[in-house]
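Hi,

Here is the structure I promised to pass on. Have a look at it first, and my notes on what turned up follow below.

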Amino acid sequence: QANINPHFLYNTLNQLNWMAIDAGQENISQVLELLGRMLRLGLSNGERFIPLKDEMEYLRCYLDIQRIRLGDGLDYELDVPKSVEHLFVPKLTLQPFVENSVIHGFHGRDGGFIRVEARSEEEQIVIRITDDGVGVTPDWRNARGSKKGGYGIRNVEERLNAYFGHRSSVTIRPLESGGTEVTIVMPALTEKPETLLD
């Protein structure tokens with residue numbers, strides 16, 4: 001973040017967007033516009049924690065890009081009540097799990113369905129991500145270094161552990177009906193936790 005001038009990136013994306021519009025490439029124009037919004041949310045002025053509302057907007061942009069790429073086969077639902085939108089979460093927490101659904105869960109298929117819901121329960125925020133993909137295998141955590149990836153998920157787990165310790169958890173399990181369920185639990189923060197960052 002510190003080594004790249006974001007204004008240069010915004011301006012470049014904007015120029016590319018106008019070039020795509022001039023060339024009649026509507027899909028490319030849409031992707032560039034969504035990518036620009038993701039960039040703004042991802043940088044977030046250097047903040048490590050952002051409102052859940054912004055995290056969900058980042059997710060929506062990512063999923064809309066994937067819908068352009070995959071076509072109408074990919075569908076999603078984001079269920080986040082206004083009562084939890086203001087809570088702060090570490091930024092870029094959810095996207096790796098959704099990306100895992102798109103890349104691995106729907107591998108070899110034209111798409112699938114992803115649902116993300118967030119609830120506040122007993123001073124915690126609980127976020128569930130479910131898909132109707134192929135489902136995780138019991139040994140998925142041992143697939144390090146393989147083409148199955150998992151780096152982004154481990155990164156999120158390590159960050160949550162560093163910020164919250166035992167007060168956070170990530171559970172990933174296959175669903176009996178097919179697909180995967182990810183449950184992320186962390187403290188419900190109404191303010192940016194500056195003290196956690198020292």
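This is a predicted model: local features need pLDDT of at least 70, side-chain atom pairs count only at pLDDT 80 or more; totals for chains, interfaces and linings use all residues.

First, the overall picture. The protein chain has six helices and seven strands, and along the sequence they come in the order α-α-β-α-β-α-β-α-β-β-α-β-β. It has 198 residues, and 43% of them count as buried. If you take the contacts with a separation of 6 or more, 71% of them are between residues 24 or more positions apart.

Helix H2 covers residues 26-43 and helix H3 covers residues 52-70; their axes come within 9 Å and cross at roughly 155°. Angles over 145 degrees count as roughly antiparallel, so H2 and H3 are roughly antiparallel to each other. Their crossing is left-handed. On the H2 side, the contact is made by Asn-27, Gln-30, Val-31, Leu-34, Leu-35, Arg-37, Met-38, Leu-41 and Gly-42, and on the H3 side by Asp-54, Glu-57, Tyr-58, Cys-61, Tyr-62, Asp-64, Ile-65 and Ile-68. Sorted by class, that makes 10 nonpolar, three polar and four charged residues.

An α-helix has 3.6 residues a turn, so residues three or four places apart point the same way.

With 19 residues, H3 spans 26 Å from its first C-alpha to its last, close to the 27 Å expected at 1.5 Å a residue. Its buried residues are Leu-52, Glu-55, Met-56, Tyr-58, Leu-59, Cys-61, Tyr-62, Leu-63, Ile-65 and Gln-66. Tyr-58, Cys-61, Tyr-62 and Ile-65 are buried and also take part in the contact with H2. After H3 comes Gly-71, which has a positive phi, near 90°.

What about H5 and H6, at what angle do they pack? Helix H5 (residues 95-105) and helix H6 (residues 151-164) pack at about 155°, with their axes 8 Å apart, which makes H5 roughly antiparallel to H6. This crossing is left-handed too. Here Pro-96, Phe-97 and Asn-100 of H5 meet Gly-152, Ile-153 and Val-156 of H6. By class, the contact has four nonpolar residues, two polar and no charged.

Cheers

Terms used:
Residues are numbered from 1 along each chain as its sequence is written. Side-chain values use heavy atoms; hydrogens and water are left out. Axes are lines fitted to C-alpha atoms, for helices over the stretch in contact, and angles run from 0 to 180 degrees between N-to-C directions. Helices (H or I, at least four residues) and strands (E, at least two) are DSSP runs, numbered from the N terminus. Angles under 35 degrees count as roughly parallel, over 145 as roughly antiparallel, 65 to 115 as roughly perpendicular and the rest as oblique. A crossing is left-handed if the near helix is turned anticlockwise from the far one by less than a right angle, and right-handed if clockwise. Contact means heavy atoms within 4.5 Å. Ala, Val, Leu, Ile, Met, Phe, Trp, Tyr, Cys and Pro count as nonpolar, Asp, Glu, Lys and Arg as charged, and the others, Gly among them, as polar. The expected span of a helix is 1.5 Å times one less than its number of residues. Buried means under 20% relative accessible area, exposed over 50%, partly exposed in between (1.4 Å probe, protein chains only).
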